[in-house]
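Please look over the sequence and the model shown here before reading on. The paragraphs that follow move from a whole chain to single elements within it and beyond it.

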Amino acid sequence: LTFTTLTFLLFLPVVFALYWSTRDQRRRNLVLVLASYFFYAWWDVRYAALMAVASFVDFLAAIGLERVRSPRGRRAILYTSFACSLGLLGFFKYFGFFAENARALAAAVGITLTPFELNVVLPVGISFYTFQTLSYVIDVYRGELPATHDVVEYMAYVSFFPQLVAGPIERAGHLLPQFQTRRVFDYQQAREGLHYMAWGFFKKLALADNLGAVADAAFGATATADAPTLAVGTLCFAFQIYCDFSAYSDIAVGCARLFGVQLMRNFAYPYFSQSVAEFWRRWHISLSTWFRDYVYVPLGGGRGGTLQRVRNVMVTFLLSGLWHGASWNFVVWGALNGLAVLPALLAGRKARPASDVPGGESLVPGPVVVARMLGTFLFVCLTWVFFRTRTIAEAWTALRRLVTGPWTGAGLSAALEPVQFLFPLLALFVLAEWLARRHWHPLRWPALPRPLRWTAYSVLVWMTLALSRAEVGAFIYFQF
Amino acid sequence: MKRFLRDVGAFLALQVVVAVAVETAYHRALGAHNYMAAFEDKAKLLETTPPPRILLVGGSSLAFGVNSAAIERALGRPVVNLGLHAGLGLDLALRQAERSLAQGDLVVLSPEYGPLGPGLPFHTVTLLHQLAIVPSAARDLHVSSVPRLLDGGLGLPRQRLTALWDYVRVGRPVSVYWREGFNRRGDFLGHLDSGSLGGGSEHVWVPTAELATDACARLGRFARRARERGAEVLIAPPPIPADDRERQSETIARFWQAVTQRTGLRVLEDVVLPRSRFFDSGYHLTRQGRRQHTGSILRGVRAAGVVTRDAPAAPVASPRTAQPGR
């Protein structure tokens, strides 16, 4: 099931009613698990079975880690869990990539390999739930979290449908305790949840899908598109991926609140960042913090000599790039971001926390702040070219054409033609986000009387429907 | 919780009121005259035409491409042209026909290639649009269509709102696609004076025989049920532009061969025409193309020997939008 369907809008109230009409906490968890598996099996029932098996292995591994005392035995259990989780992820996501590269490498030294080809479809959300189960096992191994012996609450943690397919990637330490305590319905939380969802739907249906159509047209003909078309396409893609992915997170966070569950914040106005390092504290926060806690810090983090710190940063960003997809483009994208983060890290500059007001407290930012924000945004846009294209050569072609032009007035007019209604809407969206950047989302109008608020919400709902495309696009991060 | 449910209920009720207002405004301005509203007229025609009849079942290639009066005159049986839109899918067309099949009926199936392939049993927004305009069409809907319809359900409000917005800005769109373009036998005549637009820019895609397994099963099931009720079924492949036919001649030959083998149905010869005989798509024929296509169907039916000239033509009841004399 996907959020942007009528099916989901019927599914949600049914689950909501079943959930809150059940008083017993364990039964509520069971309702969530059954609903989540139904939600996931809507794509393919076989992948639901795969998720169940993968989850169960880590459930047993965590119990084993608690019972076994010897370090060697514990390590054996940990590595077995890694082998299962990462093995499945590797098989479904990276097998083709590594096989193809092995073939190319062998061909370069004169050896002909015919690798075994697999035509398997990547199970939706496998990267997300694998990282959740991994973090659970690692936390239990480190002694930071007791293993749960209740398979229902554990399954609810792994498969909780609002965030199952595209995050936020929750940590067991944050989400699991919520399934272990009795949840009480909170009017304000539920109302806030609906606001999140409404804003998420607007971003996805009204903005992301329309921007995506322009980006697709530009990147569908990289070799022939002129510079203004590619520039507009890149800009559209930058906002498409932001609106698309943050929309999913917003809907997930909002949906979870309807069930009395708090999910972590995944986006904190990343395009108002003043440096690439800050961008990564505001973009896909759940993934960035995952890599920080389970890769960067164990590697040594900011400790040690310069070379060691550079290695730690680059390994983290390269793996983060590879997590997004089995392609060299993602590796290069990760590497570029890693290189951009390095100077601030090596200089030992203290990072601004994501909870800070992005772009500063002032309503009208100063020229230095504006320059920093624009510079960061420009860099991020250029790296998105690697993210959007399929091969390094294609990315390089697009970047070369962007730089070398030609930049003509006629070309620019033609490139802006398809976005003449989108860019004003986008400008309003950016303004709304700027004004609301102290809060998690812009739909906060507590001072307005109810008739006005409801009118505004109704306008948003109908504007979202009116601006949506006939064929709603899948969320971009489903492919990861 | 009560407060939350009350608030959400009230807000949803408000949205339902808006939705009903939008749909009513759309229906009054455009929907009642929409091309797809002819579904209702065709359903009435099917109910009121006594058997034995010739039922033409398929999509818009039948609506645009057949002169039912000529067939009626030649074969001496009333003709009901049920062809409307390929996007409604094969299931809806077959179920609509199946519901009223009677002893002695002849069904000429002429499904477009798209719905015969895998994965695209119908076009979601088109079918939703049909159901919103003529809700009684839901009785011919297969339950398996519902999940897919719900998955794409958000497309309908957008279609309504954009159509209304355009109507407010520029009035009724200039188009031939109106309900009034159909005659009393269900043939579409609204385009006949417009000449050829070269068959549009899109090419007809034909699925391979291997991809048609599911469609064959459905066609075969329909044929069995038709025979049980004493009706005959023939397949008349839709007309195809010569360039598309040439490009896919082997695929097409194998495709219809597979249909014959798997369903046991007789498949008439397909009608290949130059693009100048097509109107705005590779399925919609011009006046001349229509004449040739009709002639081809007539020859095929006669050759099949399923209808003799002896049967007298039954009087045809006129539905609301009938245009006499065309």
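Predicted model: local features only at pLDDT ≥ 70, side-chain atom pairs only at ≥ 80, totals over all residues.

The overall form of chain A can be judged from its radius of gyration of 23 Å, which agrees with the value near 23 Å for a compact globule of 480 residues, while the C-alpha trace spans about 75 × 70 × 45 Å along its principal axes. Of the 480 residues in chain A, 55% are buried, and among contacts with a separation of 6 or more, 78% join residues 24 or more positions apart. The chain exposes about 20,500 Å², of which carbon and sulfur atoms supply 67%.

Apart from neighbours within four places in sequence, A:Ser81 is in contact with A:Asp58, A:Ala61 and A:Val137.

In chain B, attention turns to strand S3 (residues 106-110), where five of the five residues are buried, so the strand is largely enclosed by the rest of the structure. In a regular strand, side chains alternate between the two faces of the sheet. In S3(B), B:Leu106, B:Val108 and B:Ser110 are buried on one side, and B:Val107 and B:Leu109 are buried on the other. S3(B) runs parallel to strand S1 (residues 54-58) of chain B, joined by five bridges, with B:Ser110 as the bridge partner of B:Gly58. S3(B) also pairs in the parallel sense with strand S4 (residues 232-235) of chain B over four bridges, and there B:Val107 stands opposite B:Val233.

Notes
Residues numbered from 1 in each chain as written. Chains lettered and ligands numbered in written order. Heavy atoms only, no water. Buried < 20%, exposed > 50% of the residue type's maximum accessible area, 1.4 Å probe, protein only. Helix = DSSP H or I, 4+ residues; strand = E, 2+ residues; numbered from the N terminus. Pairing = 2+ DSSP bridges. Contact = heavy atoms within 4.5 Å. Rg over C-alpha atoms; globule rule 2.2 N^0.38 Å. Areas by Shrake-Rupley, 256 points an atom, 1.4 Å probe, with all protein chains shown as cover.
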